[in-house]
Structures are given as C-alpha cells and as structure tokens.
Amino acid sequence: MSAIPLVSSALKNSPHLDGQSTRPSRVAVVGAGIGGLTVASALLRHGIACEIFEQAQRLGEVGAGIQVSPNAARLLHRLGIAKRLEQVAVRPGATEMRRWDDNRLLARTTLGNGCARRYGAPYYTFHRADLHRVLLELLPSDSIYLGQQCVEVTELDGEVILRFANGRSWRGDVVIGADGIRSAVRSSLVRDKPTFSGQMIYRGIIPAERIKHFADRINVRLWLGPKQHCVCYPIASGRLYSFGATIQHGEAIAESWTAPGRIEDLAVAYQGWNEEVQRLIGALDGVNLWALHDRDPIAHWSSQYVTLVGDAAHPMLPFMAQGANQAIEDAFALAKCMSDTTLSISDCLTRYQNVRAPRTAEVQRISRENSSTFHLSDGDARKNRDRAISVNQKLNNQEWLFGYDAELAVTT
Ligand SMILES: Cc1cc2nc3c(=O)[nH]c(=O)nc-3n(C[C@H](O)[C@H](O)[C@H](O)COP(=O)(O)OP(=O)(O)OC[C@H]3O[C@@H](n4cnc5c(N)ncnc54)[C@H](O)[C@@H]3O)c2cc1C
C-alpha cells in the first residue's frame with residue numbers, strides 16, 4: 001500500500017509546522033459536501049490547513065434547493081462571502097404553511113429584512129450547486145483529493161491512519177469525518193445503522209418562467225396533508241424553483257437510496273391536492289426519488305483524534321430544513337475549539353462534541369416529530385396542530401434556532 005504524496009501548498013504554507021504550537025499540523029477532512037467544505041474553510045480562518053478526501057471523481061451537489069437559516073448564514077458571512085452568497089441566493093419574504101386541499105394559510109414566518117435585522121443575517125434559499133461552488137472558492141484547489149473513498153480509520157497512540165479503497169493511505173494528527181449519513185469514519189467510532197423513515201421524497205427543479213402565476217411570490221411554501229407534504233421555493237436568484245414532495249413508502253430501502261422518479265407516479269400520489277400544487281407538478285420535466293433515512297441521536301462522536309460533523313454525526317429527516325445548517329454550525333464550533341492552543345487536541349474534540357450533541361439531538365428529535373405532525377388527517381389532533389403552528393412559527397419564536405451562535409456557544 002502506497003502513501004499518497006500529500007503535501008499540498010496549503011499545508012506547506014501553514015503557520016503551524018513550526019513545532020511550537022499545540023495545534024495539529026496534519027488534519028484530514030473526509031467528504032467534500034457542504035459540511036466538509038465549511039469545516040475546512042472555518043479551520044483555515046484560524047490558520048489551520050486541511051487535506052480533504054472525497055470519494056467522488058467530480059465535485060458537486062445534487063440538483064435541488066437548500067434553505068439556509070440565519071443561524072448558519074451569520075456564520076458563513078464570517079468567511080467574508082456575504083456578497084458572493086447574495087449573488088446566487090434568494091431572500092424569501094416568508095415561510096408559509098398551507099392546507100393541502102384548499103390552499104388556506106395555516107402559519108406564516110415573516111422573513112425578509114425583518115429577519116435579517118433581528119437575527120443578524122438573512123434567511124436564504126440556494127441551488128445546492130451554487131452554495132457548494134461558493135464554499136469551494138474559499139479553498140486551495142490542491143487541498144482536495146478526488147476519487148479517495150475512505151474505507152478504514154485506525155487510531156494509534158499519537159496518530160491516525162486513513163486507508164482508501166484505491167489502496168492508498170494517509171497519516172496525520174486529526175481526522176474529521178464529514179462523509180454523510182453512511183459515514184465510514186462514523187463506523188470506526190459507533191456501531192449503528194441508518195433507519196429508514198418509511199418515506200420517500202420526489203425532488204425536481206422548475207424554471208421560473210414556466211410558473212409565472214407562482215413566480216411573483218418569493219416565499220417558501222409548504223402544503224401539509226394526510227400522510228404527505230410538499231414544498232416549493234425560489235432559488236438561483238429567482239430563475240428556478242425547487243420542488244419536493246414526500247410519499248409514504250412501506251418497503252425499507254437499503255441499497256439504492258436514490259432513483260429516477262416518474263412524474264406520473266408523483267401526480268397520482270398528489271391527486272386531489274390544490275390547483276397550485278397541481279400546476280407545480282405539471283411544470284416539472286423530471287424528478288429524482290430519495291429514500292429518507294436518519295439515525296438515533298448519540299452523545300459521543302469524538303475519540304482522541306477523530307470526530308464527525310454534519311450528517312456523519314447527526315443525520316436527520318429534512319422536516320426542519322436544518323441538516324446543512326447544523327453541519328455549518330458544527331464546522332464553526334469545531335474550528336473554534338481546535339484554535340484553542342491551551343487545550344490538547346483530544347480536549348478540543350470533546351468540548352466540541354459536548355456542546356454540539358444536545359442541540360443537534362433536539363433538532364433531530366423535532367425533525368422526526370414533524371414527520372407525523374406534518375402528515376395528520378383531519379380531526380382534533382390536526383386542529384390542535386394548526387393552532388400550535390400558527391403561534392410557534394412566528395419569527396419571534398425562532399430565537400432558539402435562528403438566534404443561536406455556534407462559535408459563541410463553545411466559548412462560554
Ligand atoms: C430532501 C432533502 C431536503 C433537505 N433540505 C435541507 C434544507 O433545506 N436545509 C438544510 O439545512 N438541510 C437540508 N437537508 C439536509 C442536508 O442536505 C444535509 O444535512 C447536508 O447535505 C449534510 O451535509 P454533509 O456535508 O454532512 O453530508 P453530505 O452532503 O452527504 O456530504 C458527504 C460527502 O462525503 C462524501 N463521502 C461519503 N462517504 C465517503 C467516503 N467513505 N470517503 C470519502 N468521501 C465520502 C460524499 O460523496 C459527499 O460528497 C435536506 C436533505 C434532504 C434529503
């Protein structure tokens with residue numbers, strides 16, 4: 001097995017190769033998704049360079065939208081990319097929850113400038129590829145190694161070894177697993193498996209000019225109905241709309257988690273839903289179908305020299321639109337901890353995990369809970385839910401989520 005010649009220019013220029021600092025000099029990030037790229041940039045901001053190992057041969061993100069709330073947007077702005085983000089984002093005016101049949105408004109969270117003022121950053125919606133590209137621009141291109149599927153992590157006294165499917169290996173001080181819900185790094189720390197939620201989601205993109213009746217509204221809209229819900233919002237500076245629609249699916253999907261979906265099947269599943277939803281489905285050219293998985297929350301995801309961020313640490317159902325937001329919070333919290341030269345690296349990783357785990361567990365829990373509360377049939381429980389969300393969804397009740405500062409949380 002040969003070692004990868006891994007002295008990137010980022011590493012050569014690192015101020016931490018002088019042997020004086022207690023900061024680690026060789027850090028690997030496994031996975032170049034939103035979590036991996038953000039943690040690498042957040043570390044670089046503190047002068048800590050990393051090498052990033054990605055299994056894919058090409059970098060990119062799936063063709064779908066992503067909502068980024070102020071708790072994460074505020075942190076991303078600290079990387080100096082507010083202008084770049086604004087060029088590709090949409091700032092929605094509100095999030096609205098509506099009834100499936102008659103399109104009646106159930107709850108509204110006013111966003112726009114009021115949200116940006118209150119929480120110090122806007123609520124954004126992006127095409128995933130745009131957000132990924134802006135994050136990528138922050139990193140030296142020779143710090144990312146493609147086609148490197150990590151298959152084994154071995155922790156020895158004083159170092160960590162990564163082994164890759166192509167027979168190569170890497171040795172260093174710290175490994176950060178940002179390798180998603182099926183994380184290989186996680187499996188070196190925890191023995192558990194993803195849980196299938198019994199739900200799948202169709203996702204597709206609609207050009208704005210095709211849905212002019214809808215395109216003048218820059219809101220995130222969710223329609224809640226019996227056993228399923230769907231969501232639509234503008235992305236890519238308003239040129240496109242992202243559409244997602246859940247369905248119940250009895251079979252546990254193990255191997256293939258994504259597949260091309262059939263619009264005809266989606267249309268059948270959403271028969272009888274309001275006219276606006278029908279028109280959105282009618283405007284789609286194609287959809288993908290994803291099986292939705294999560295895992296139970298865990299309190300410990302760090303060892304002496306290995307830790308996890310994002311879906312590798314706390315994969316959640318997408319029903320709070322918080323998975324990537326929590327990955328971004330993780331990234332900044334971990335970088336802040338690792339920049340503390342008074343702590344050993346093992347203590348940095350423990351502090352990071354101990355602060356993050358309760359918050360991410362709560363977000364995982366609510367995301368799971370929403371998979372039943374969003375899908376109630378008419379009856380008393382549904383009426384109670386409608387009353388509750390009309391209050392809970394107000395902007396001033398989002399303080400715990402949007403007002404949280406992940407960097408501050410690890411320093412206090
Ligand atoms: C339908 C849906 C809608 C969502 N909407 C939102 C939203 O609006 N807002 C939000 O905040 N979140 C949302 N999420 C959640 C969000 O997509 C994830 O939480 C987020 O992408 C996790 O980022 P990550 O970097 O941790 O993992 P991933 O995005 O999964 O990235 C992991 C990376 O690691 C690589 N990798 C995997 N294994 C290995 C290996 N062994 N070796 C090397 N590389 C490896 C992968 O190729 C990938 O590039 C949604 C999720 C779904 C399913």
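## Helix 2 and helix 6

In this predicted model, helix 2 and helix 6 are roughly parallel to each other, a term for angles under 35 degrees, whereas those over 145 count as roughly antiparallel, 65 to 115 as roughly perpendicular and the rest as oblique. Helix 2 covers residues 34–45 and helix 6 covers residues 128–136; they pack at an angle of about 25°, and their axes are 9 Å apart. The axes are lines fitted to C-alpha atoms, for helices over the stretch in contact, and the angles run from 0 to 180 degrees between N-to-C directions. Helices (H or I, at least four residues) and strands (E, at least two) are DSSP runs, numbered from the N terminus.

Helix 2 passes helix 6 in a left-handed crossing; a crossing is left-handed if the near helix is turned anticlockwise from the far one by less than a right angle, and right-handed if clockwise. On the side of helix 2, I34, L37, T38 and S41 meet L131, H132, L135 and L136 of helix 6. The residues of this contact of helix 2 with helix 6 comprise five nonpolar, three polar and no charged. Here Ala, Val, Leu, Ile, Met, Phe, Trp, Tyr, Cys and Pro count as nonpolar, Asp, Glu, Lys and Arg as charged, and the others, Gly among them, as polar. Two residues are in contact if their C-beta atoms, placed from the backbone, lie within 7 Å.

## Helix 3 and helix 11

Helix 3 (residues 70–77) and helix 11 (residues 323–338) have axes that come within 8 Å and cross at roughly 45°. That makes helix 3 oblique to helix 11. The crossing of helix 3 and helix 11 is left-handed. N71, A72, L75 and L76 in helix 3 meet N325, I328, E329 and F332 in helix 11. By class, the residues of the contact of helix 3 with helix 11 are five nonpolar, two polar and one charged.

## Residues in loops

E54 lies in the loop between strand 2 (50–53) and strand 3 (65–68). E54 is buried, because 23 other C-beta atoms lie within 10 Å; a residue is buried if 20 or more other C-beta atoms lie within 10 Å of its own, exposed if 12 or fewer, and partly exposed in between, with C-beta atoms placed from the backbone. Leaving aside neighbours within four places in sequence, the contacts of E54 include G31, A32, L59 and I144.

Most residues other than glycine have a negative phi. N103, although not a glycine, has a positive phi of about 70°, and K227, also not a glycine, has a positive phi of about 70°. N103 is in the loop between strand 4 (94–99) and strand 5 (105–110) and counts as partly exposed, with 15 C-beta neighbours inside 10 Å. K227 is in the loop between strand 13 (220–225) and strand 14 (228–235) and is partly exposed, with 14 other C-beta atoms within 10 Å.

## The whole chain

The protein chain has 15 helices and 18 strands. Its C-alpha trace spans about 65 × 45 × 40 Å along the principal axes. Of the 412 residues, 46% count as buried.

## Basis of the report

Residues are numbered from 1 along each chain as its sequence is written. As the model is predicted, local features need pLDDT of at least 70 and side-chain atom pairs count only at pLDDT 80 or more, while totals for chains, interfaces and linings use all residues.
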